[in-house]
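Trainee: I am new to this structure. Please take one part and look at it closely, then lead me on from there.

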Amino acid sequence: MADSASSLTKDASKAGERVGLKSDKITIHGGKPLRGTVDVRGAKNLVTKAMVAALLGESPSVLQGVPMISDVKIVRDMLGVYGVRVSSPDDGVLVLDPTNVERAHFTEIDALAGASRIPILFCGPLLHRLGEALIPDLGGCRIGDRPIDFHMDALRAFGAIVDKSYEGIRITAPDGLKGANIELPYPSVGATEQVLLTAVRAEGVTELKNAAIEPEIMDLIAVLQKMGAIIWLEPNRTIFIEGVEHLEGYTHRAIFDRNEAASWASAALATGGDIVVKGARQPELMTFLNVFRKVGGKFDVQEDGIRFWHPGGPLSPVQVETDVHPGFMTDWQQPLIVALSQAEGVSVVHETVYENRLGFTSALNEMGADIVVHQDGLESVTRRVPRRKLEQAAVITGPSKLHGADVHVPDLRGGFSYLIAALAAEGTSTVSNLGIISRGYEGFVEKLEGLGADFEFAG
Ligand code: EPU
């Protein structure tokens, strides 16, 4: 436990260093509304996958709207290990040249492991290009057990052989990869991407049932279609992929980061502020906007973004269940919970996607919030999402007067919610392990400065 905690902290500070974060600790003087404009660029959860897709092309790809976040840097380094030349992001544009893909040494792959979960998505492309993929221990946010069984089962269905060794997982495909009929036990985002990235160059047709249909997945399909793939979207979460022999590079502007947009919206609400999120779009945020409105937030959809603000007066409690798209995303609940701590009455957030994504709330309680986590979830007559075994529920009673505290960032979204809570709280807070936030929030320090936040780097 101590080992994994210290390696997590190491990963976090490395993540911060990768994007030039001055320090891993920040002191925030809260109690002031955030006001101003922020720009959001491409979604972390599309950009990193589109970068992997470039491996499948026989010519260079150009990806636009790339944010300067450490997850992008990690995937860039991983691609470099396999001989893909990736330019430095210049004004959000990456050029990825996969013409000289080569085998990598396990030590090189392993050196980058622990920092991200994206390496798992290299499997299909590497099997097509090199006939072998080595998967080290995976990183990403510690938000409960994050198994990879759907991924491995899907790869086996394509004809891959999966061997576990002391180094990690070695996957080979001596007879090539063949189209398969796959039904996912749950509409997993990563497993759907795994199937897409593998099926596009497999021989024959793949039918994927119970696929994830998140907007970032639709954008990945758009990338693959630009490369030459043939992918049919059918009703009821079914996707057909006709394998092709060659794929070319693409030019693509990444879909905006709706998780970042929703985070700033919640920051406006929790601090009693007013934030214009440039680059945010309504269609991908519909479910979030419904909840934002029910809580009492106001928004105005503009041509190039969305303005979110607290109109004054009390906020209302809500009941929310996280779900796969088009439901309320699991990545939206953490910042929202801070705003719900200011609502008048009892709110309930059911986390149904991950098994341990409410642990971050204990630090909010240290700051004065009243949040009780039910580890086995809660029954509710009004809920729409079916209960899952792994789910938990948070009961948030408000309004609470938040005060400053010293808090340590546990994961990406929980960490951003600590920043919001510290900004909303009376008094001074210290937020440490800040590097984790740079995994997914581009220039968050500069953005906070632009919104009038009062803070300085500590230690
Ligand atoms: N699952 C399995 N077995 C698998 C794969 C998934 O049981 O082989 C389970 C998971 O344990 C979880 C559920 O399926 O209970 C959903 O997981 P999913 O595979 O959809 O998540 P993911 O692909 O690992 C991505 C995002 C997450 C986001 C989720 C849900 C990336 C890199 N990560 O994770 O984003 O929360 O989809 O939309 O795209 C974040 O950005 O902070 C983040 C964690």
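**A mixed sheet and beyond**

Mentor: Start with an open sheet of four strands, in the order β9-β10-β12-β11, with mixed pairing. Its edge strands are β9 (181-183) and β11 (230-234), and each of them pairs on one side only. From one strand to the next, the twist averages 15°.

Some ground rules. The model is predicted: local features need pLDDT of at least 70, side-chain atom pairs count only at pLDDT 80 or more, and totals for chains, interfaces and linings use all residues. Residues are numbered from 1 along each chain as its sequence is written, and side-chain values use heavy atoms, with hydrogens and water left out.

Now the terms. Strands (E, at least two residues) and helices (H or I, at least four) are DSSP runs, numbered from the N terminus. Two strands pair if DSSP finds at least two bridges between them.

Strand β10 (residues 205-209) runs antiparallel to strand β12 (residues 238-242), and four bridges join them. One of the contacts to find is V205, whose bridge partner in β12 is E242. In a regular strand, side chains alternate between the two faces of the sheet.

Next, follow the chain between β11 and β12. The loop there holds R237. R237 is not a glycine, yet its phi is positive, at about 60°.

N433 shows a positive phi too, about 65°, and is not a glycine either. Find N433 in the loop between β22 (428-432) and α14 (444-450).

Which peptide bond is cis at P326? The bond that joins H325 and P326 is cis, with omega about 10°. P326 sits in the loop between β17 (319-321) and α11 (333-340). The bond from G398 to P399 is also cis, with omega near 0°. P399 is in the loop between β20 (392-398) and β21 (406-408).

Back to strands. An open sheet of three has the order β6-β8-β7, with antiparallel pairing. β6 (132-135) and β7 (161-165) stand at the edges with a single partner strand each, so one side of each has no neighbour in the sheet. Direction ignored, neighbouring strands of this sheet are turned by 20° against each other on average. β6 and strand β8 (residues 168-172) run antiparallel and share four bridges. I135 has I169 as its bridge partner in β8.

β5 has pairings of its own. Strand β3 (residues 61-64) and strand β5 (residues 94-97) run antiparallel, joined by three bridges. There, L63 stands opposite L94 in β5. Strand β4 (residues 85-86) also runs antiparallel to β5, with two bridges between them. V86 has L96 as its bridge partner in β5.

Finish with the ligand. How many residues surround the ligand? The count is 27, and the closest are K49, D149, S188, V189 and V353. A residue counts as near a molecule or strand if one of its heavy atoms lies within 4 Å of it. By class, this shell has 12 nonpolar, five polar and 10 charged residues. Here Ala, Val, Leu, Ile, Met, Phe, Trp, Tyr, Cys and Pro count as nonpolar, Asp, Glu, Lys and Arg as charged, and the others, Gly among them, as polar. Domain 1 (2-40 + 256-457) and domain 2 (44-253) each give the shell at least three residues. The domain bounds come from an automatic or database domain assignment.

Polar contacts come next (pairs of N or O atoms within 3.5 Å; within protein, one must be able to donate a hydrogen and the other to accept it, and residues adjacent in sequence count only if both atoms are side-chain atoms). A backbone N or O atom of F150 is 2.8 Å from an oxygen atom of the ligand. For V353, a backbone N or O atom is 2.5 Å from a ligand oxygen atom. In R357, a side-chain N or O atom is 3.2 Å from an oxygen atom of the ligand. On its own, the ligand has 840 Å² of accessible area, and the protein covers 91% of that. Such areas come from the Shrake-Rupley method with a 1.4 Å probe; for residues, only the protein chains shown count as cover. The elements that give two or more residues to the shell are α2 (44-53), α6 (149-157), α7 (189-199) and α13 (412-424).

Methods. Axes fitted to C-alpha atoms, helices over the stretch in contact; angles between N-to-C directions.
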